[in-house]
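The following exercises are to be worked through with the sequence and the structure at hand. Each task is followed by a solution in steps.

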Amino acid sequence: MRYKTAPSGRIRHKSAATARSEDQSFPWSRTKGSESRDDAFKKGFAATDCTVHPSSFESELRNIASATLQVYVAYLGDVKHGHPDEVVASHHDMLTTLLQSKEDASASMVYNYKHGFSGFAAMLTADQATRLAEFPGVISVERSKTYRTTTTRSWDFLGLNYPSSHTPASELLQASNYGEDIIIGVVDTGIWPESRSFSDQGYGPVPSRWKGKCQVGPDWGSNNCSRKIIGARFYTAGVPKEYFEGEPLSPRDHAGHGTHTASTAAGSAVGQEAASFHGIAAGVARGGAPHARIAVYKSCWSKEGHCPTPAVLAAIDDAIHDGVDVLSLSLEMSENSYGTLHAVLKGIVMVHTAGNAGPHMQTIRDTSPWAITVAATNIDRSFDTVITLGNKQQIVGQSLYYQGKKSSSSRSSFGDFGCLRSCTAEVFDGAQDLKGAILLCNDQREALFPAAQYLMDRGGTGLIIVSSTTDDMRPVTDCEGIACVVVNIDDAERMCQYSEDTSSAQAKIEPAGTVTGKEILAPKVAIFSSRGPSVTYPAILKPDIAAPGANILAAKQDGYVFKSGTSMAAPHVAGIAALLKVLHPYWSPAAIKSAMVTTAHVTDERGMPIMAEGISRKIADPFDYGGGTINPCGAAHPGLIYDIDPSDYSKFFKCTISNKRTPVDCNTTTMQPAYYLNLPSISVPDLRHPITVSRTVTNVGEVNSVYHAAVQSPAGVKMEVVPPVLVFDATNKVQTYQVKLSPMWKLHGYYTFGSLTWHNDQKTVRIPIVTRLTIEEFY
């Protein structure tokens, strides 16, 4: 596939057939890198400084549409002339034809690329670049970008940029002092204390309010706790012995999961020279709250991360005692845990994962209204990997393929290529020697890790995996010793057609390159992220929010690795919660959750609806991402919040809450409909008659404020808001309003979605509305 740049700077494609007819087939992928962060942080939502408004993106579009000269790079493929001077002359001839003047062409030329490949950089208008892209022999024309290393990316993508020579720290990071002295508890597989992400250099004394302990073990001494890792516990009671068989009984993380999540939430900043995956995604690695303290509660054992309920509850109980401010559980909670309710009662923000059972509906299991349940999205980064077929056709997939330091060649070599419908052990039994072979496995249902091992054992060099989305790189994350690449279904079909039509099909795979920025469609809800509604409590909208969770680079032992899952998304929210706790120390967990949900994004920087990956891609809805994708800068100053006194939960779950260390007694048989709870959402799964739901909002913005209601009714529902205007002043800080939902038809239907937004000139406070029309309780 060939790439061309439209006037907006986005990629345009020239068909493989057209490119072949022009005899341009040098392996080429999209430009690696991103535009200057000085520019990027002035634009759009995803990479903006917290103080910039969306209007800056509209200004960018107007600038692009103007006739301003900018540097564009034209790529022409292989050098086709014997002497560099002849190459330069051909460039000038092409530019002269475009500009109709030799003098203008000479003045416009910036660089000539004449040795390793043919191309040039020139000052052009957007219209001229568009016309140049259509010239015979031109493979791509792209607007110039400034190359520089990026961070591990997800935090920059969310607008929480770390200070550097290029950009200042975001307003939220500065205002919260990077989460200083907030204590984040991590219930997971433990931690690897020697990782540079947990350096305590520059930290002050451990907060005096901390009451935790540093529990020692065979491979963990008291010196492994520090001013960064201020506490560490592990739990073996109630854990089947086979789970920790062969693993020392200590807080040390031998699985890597807990280290990854802890460094994502609160890792100290690690320079770009140290933080990358074999050079891929190099940049500054740090957590969302890089100055926060970490308390470790190892309740999960074995590489599979088994987390027995007794151990988890013991960890939560200890965390309440120890004095954590935020508790991050990167594990799927399948019940309304009384342990987490106790924590919220003590003012602890609870963060859970949505689970990894997507993309089907009703796969989410956590229904705790007091917790923040997090779905996963991608970020604006891809790892483009060029596959060149023997006919010079090129396919771009994604991989984490790199060439090791001992590689004898800087480039890959062609090998035999073939397509297989299945890659099971039986298929490989008859193949003794596959030296250098590259195979495409065309069965998306197979477990592909064994296939990679089979192929590598027989001398193969590459495995190509087919997926409905190349963003899902979980199948290739642990692929070592062989190039494993994910391609989409259409590209797989083209490759297999080539193999079928060719007697000696060949292919080669180039190492992955990191691409970031606006060319990547992001955010999208990840294909694996579990979806609502809850089967048990559909009147509680879950998930609550979505955050980056696909292909996240973070610490593992002494290095850095990629992991994907809602387990990676939850610590992003935990880190943001830590920043908000500094900024608003007296906010309740419900207030922090409300701030996140009501300020979340439901469109990308272009104003397009956020998409959800699945068997087929669709526009995301509240069952995919709750309120939307998290907006840390907006959550810092939400305007209005939907607060809840934790004791109110007992009115809906009939829970008797004790302040003592005794279980909470919950009787769900007589509970009221949960949509009466003052959540920042309304979900009515059985709308048969008109109902009225009240909500109460508290003004946390400007004292004298007026908000107007904007209603988007779910399909088939008449929605009325009374009053339609809310007025706040020094005396009236809290206002209650009613939402009347009336079915328009007698119908047993599907879920439909809407929203209610309170807005003024400075703020928008949006909650999702979910309804389903029904005829009878049992239909």
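**Exercise 1.** In this predicted model, determine which backbone atom lies 2.7 Å from a polar atom of the side chain of serine 683, and describe the surroundings of serine 683.

*Solution.* Step 1: The atom is the backbone oxygen of proline 538. Step 2: Serine 683 itself belongs to strand β30, which spans residues 682-687. Step 3: Its relative accessible area is 1%; buried means under 20%, so serine 683 is classed as buried. Step 4: Leaving aside residues up to four places away in sequence, serine 683 touches Pro538, Ala539, Leu541, Tyr675 and Val770.

**Exercise 2.** Describe how helices α9 and α16 are placed relative to each other.

*Solution.* Step 1: Two packed helices are described by the angle between their axes and the distance between the axes. Step 2: For α9 (residues 257-266) and α16 (residues 566-583), the axes come within 7 Å and cross at roughly 35°. Step 3: The crossing is right-handed. Step 4: On the α9 side, the contact is made by His257, His260, Thr261, Thr264 and Ala265; α16 contributes residues including Met568 and Pro571. Step 5: The contact residues comprise 4 nonpolar, 7 polar and no charged.

**Exercise 3.** Are the partners of the salt bridge between glutamate 613 and lysine 524 buried or exposed, and how many residues separate them?

*Solution.* Step 1: The N-to-O distance of this salt bridge is 3.8 Å. Step 2: Glutamate 613 lies in the loop between β25 and β26, while lysine 524 lies in strand β21; they are 89 residues apart. Step 3: Both glutamate 613 and lysine 524 are buried.

Conventions
Residues numbered from 1 in each chain as written. Predicted model: local features only at pLDDT ≥ 70, side-chain atom pairs only at ≥ 80, totals over all residues. Heavy atoms only, no water. Axes fitted to C-alpha atoms, helices over the stretch in contact; angles between N-to-C directions. Helix = DSSP H or I, 4+ residues; strand = E, 2+ residues; numbered from the N terminus. Left-handed = near helix turned anticlockwise from the far one by under 90°. Contact = heavy atoms within 4.5 Å. Nonpolar A, V, L, I, M, F, W, Y, C, P; charged D, E, K, R; others polar. Buried < 20%, exposed > 50% of the residue type's maximum accessible area, 1.4 Å probe, protein only. Polar contact = N/O pair within 3.5 Å; in protein donor to acceptor, adjacent residues only side chain to side chain. Salt bridge = Lys/Arg side-chain N within 4 Å of Asp/Glu carboxyl O.
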